[in-house]
Amino acid sequence: MAAARHEGIVADAKGKLINWLIGTGDRTVKGETLGLYETKVNDVVETKRIIYDKEEDCLVKRIVVGQEEEFNVGQMLIEMDRLEKLIISTKVAGKLTNLYIKEGEMVSNGQLLASVQPDDTSLSAKHKRMRSPSCCRIEKILRNVGEELPAKTPIIQLVVEECRHTTIIRDMCATCGKDLSKSKADRNLQKSMVTMIPNVPDLVVSPDLAGELARNDMNRLLSGRKLVLIVDLDLTLIHTRMVSPDIKLCNLTEEKQIYYTCHMFPEYNVYHQYLTRLRPNVEEFLKVASTLFELHVVTMGSRSYAQDIVTILDPTGSLFYNRILSRDELKSQLVKSTNLDQLFPLGDNLVCIIDDRPEMWEFHPSCITVPPYSYFANVGDINDPKKLNKKPSNTSDSPDVKENKPVDNNRNMDPNQQEENKTLDQIDKDGIELNGQNANKCNEKQIMNDRKNISSNSDSNDDSSANTIDDNNSNRKNILTGSSLWQTAVDSDTNIAYYDIEDNYLLSLLPLLQQIHNNFYEQYDQSMQQLDKLPDLKSVIPEIRQNILKDIRIVFSAIIPNGHPCPEKSYEWIMASSLGAKVTHKFHSSPSRRTTHVVTKRSAFENGYTQKVHMAMRTAGIFVVDIAWLYKCNECWTHVEEEPYLLAPVCICSSTRMQLMPENKRRRSLELKTEMFSKRSRTSSDERSRTPVGFMMAPEFRLTKDMSQRSSRESSLDSFSASSSSSVFSSKSTDSSATESSVDSECEAIGAILEAQLADTN
């Protein structure tokens, strides 16, 4: 390739451009490789370089031929401008006292470059100072400060370049001082600029400079082996409410760990007073997380509100360093994800997010959904975007006002799920969908007590069941809404109502963040050895989730309504799939695709068994669990034990199926099976190996579900529980080499259970 002296680069052969190694505005020097292209030589395709071979330094003005485009001989490839070099020299003899620039720096017209102390002190100031004659770049500094220089001694070598206006403040270039609001071209230039500091929107930089700054930040994080963690405030790290007249602020003390703040909203001409409670262990969480991540705050609260909360969380400023993005700077008042490209111009490969509202991030792959933290009773998210976007009719509707209802923990859903819930109301008119987050406050004892009531009601006669069904539904609704599970207390000193609950979620989140950090840098170390691309947390985090329910096969019952246009897009389906579970439309009992879990709602289970639940209860080893189990797995990022969420006993042989039989058939079946196991205990080992037991059981699960009738079979069930730890009763597998004595004891235990069930039928 050859270079036209003043026009640019012209092709001297026909070929196809592969890619350019330079861009518009870049400076070129002799011998520099500008790009690569393909050309045919004797019918052989060769790759060649485009080399700049002229003595004069030039500036790339415009790239004419783009990537993967073909060109002909004599076609212009790049337009270039030859750089004009200037020399700044001393006007009089004297001593060089100051240099105000450095090599490579861009200077504007008239900018002060250096100063000289003349030997003749009678000379005026214009002989002492040297300024730039035009917009230039400092190429080389020829002299040092303190040297004695004769007149007309070269000091600075400049290269004349047109200012690219990389930094603009209020329509004015920060480099050359040009007013960029007058010409259309300059106004269009400003539209492509990027805001680097969220709370200073008037300061914008060019995409190239933003990329350079972002690249420096990324290299700094990678060299320090850190990632980026974006945290939400409301209901994630804190819970805030407005101050009401009945609250006694004078009695607030440090022991109560409630912080008071006050903010002025000029648009509403009102003051708002707040009380904020930090989530338990938040200080320790942030301290440990800061060793692995660079912390950022993105919140729907106002900037003054966010700054005050961050001051409480980080009094020394050593954790967040004013990395705060509030709703005043967000591009959208409904989602936060639209600002990710502004915060991270090179991409969000290193970004991890924790928020109680994943829909605010449009279900970003790197977003970890945390259960909402609710401390103040009957107070929700004061910065709920849906409430903030309502047109204010009075001061009570202004931003950051109290929401007079409990936290809505079932709001984490996509638009398809919101439509689905309307149909779900038709399935369960008298029940409220059990929410996974509220259900996390349940303890096992309360769940078992609830099952006592269900079992006693199911075994009573029809008349008594009819009389108590309304009471049971009322109690069930209280449990589902959380009102009976979250103990409400009132502080007598301050008159503040709060939920008396324990919350240690942030501490349980730290191991997950550590795992994410370790997995990323394991892949990063491998990619550095193989010179591969940078790992991406958008793939690292989903990989971790995919292993949570890896070998689980789920079918939903009474969760996704019949006739749903696309069940695969429902929130529960997407959640289960993201956890690694295989979700199917139908119940399967074949070994190759055997269903392991039937997930349903407690309200639907109590109102009547569906076909899928019937099949699960008649098939050995199938878990029928409440939807709260799936929410809990999603919250904890681990396979949670099914026992606290079981709605029906796991089937053993066909004993559970007998509960669905008419009484006369059930009694006859029990008699036959009791006789079979009695005979089996007297047979030889060879005969036992040919007689299948057909028993499957969940580990450490007890069949003491019918709590109202425990007295009639206490000893039998206890003996069964003791023997359930053996290998034959384990759900994992049966050991063919079990000793004869252990088989005898196990057969006797099963026979005891069947005899107890037979006694119950009498």
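## Overall make-up

The chain holds 21 helices and 35 strands, where helices (H or I, at least four residues) and strands (E, at least two) are DSSP runs numbered from the N terminus. This is a predicted model, in which local features need pLDDT of at least 70 and side-chain atom pairs count only at pLDDT 80 or more, while totals for chains, interfaces and linings use all residues. Residues are numbered from 1 along each chain as its sequence is written, and side-chain values use heavy atoms, with hydrogens and water left out.

Of the 762 residues of the chain, 47% count as buried, buried meaning under 20% relative accessible area, exposed over 50% and partly exposed in between, with a 1.4 Å probe and protein chains only. The accessible surface of the chain is about 38000 Å², and carbon and sulfur atoms make up 48% of that surface; such areas come from the Shrake-Rupley method with a 1.4 Å probe, and for residues only the protein chains shown count as cover. Among the contacts in the chain with a separation of 6 or more, 69% are between residues 24 or more positions apart, a contact being heavy atoms within 4.5 Å.

## The nonpolar cores

The largest nonpolar core has 90 residues, and the members that touch the most others are Leu-229, Leu-237, Phe-285, Ile-368, Phe-556, Trp-629 and Leu-630. A core of this kind is a set of buried Ala, Val, Leu, Ile, Met, Phe, Trp, Tyr and Cys residues joined through side-chain atoms within 4.5 Å. Helix α11 (residues 505–530) gives the most to this core, contributing 10 residues.

## Helix α3 and Phe-285

Which residues of helix α3 (residues 282–289) are buried? They are Val-282, Phe-285, Leu-286 and Ala-289, and because they cover an arc of only 95° around the axis, they lie on the same side of α3, the arc being that of the directions from the helix axis to the C-beta atoms. An α-helix has 3.6 residues a turn, so residues three or four places apart point the same way.

The cover over the buried residues of α3 includes β22 (227–231), β25 (270–278), β26 (293–298), α4 (303–313), β28 (351–355) and α11. Phe-285 itself touches Leu-229, Leu-237, Ile-354, Leu-506, Leu-509, Leu-510 and Leu-513, when residues up to four places away in sequence are not counted.

## Val-599 in strand β34

Val-599 belongs to strand β34 (residues 597–600) and is buried, with a relative accessible area of 0%. Leaving aside residues up to four places away in sequence, Val-599 touches Ile-554, Val-555, Phe-556, Ser-557, Ile-559, Val-625, Asp-626, Ile-627 and Trp-629. Leu-630 is 31 residues from Val-599 in sequence, and their C-alpha atoms are 8.0 Å apart in space.

Strand β20 is joined to β21 (residues 203–205) by two bridges, and Val-194 has Val-205 in β21 as its bridge partner.

Three bridges join β13 (residues 112–118) to β14, and the bridge partner of Ala-114 in β14 is Met-130.

## The hairpin of β30 and β31

Strand β30 (residues 488–491), which contains Asp-491, runs antiparallel to β31 (residues 496–499) and is joined to that strand by four bridges. Four residues lie between the strands of this hairpin, where Asn-495 takes a positive phi near 65°. Asp-491 has Ile-496 in β31 as its bridge partner, and counts as buried because its relative accessibility is 18%. Beyond residues up to four places away in sequence, Asp-491 touches Lys-256, Ile-496 and Tyr-498.

Technical notes:
Pairing = 2+ DSSP bridges.
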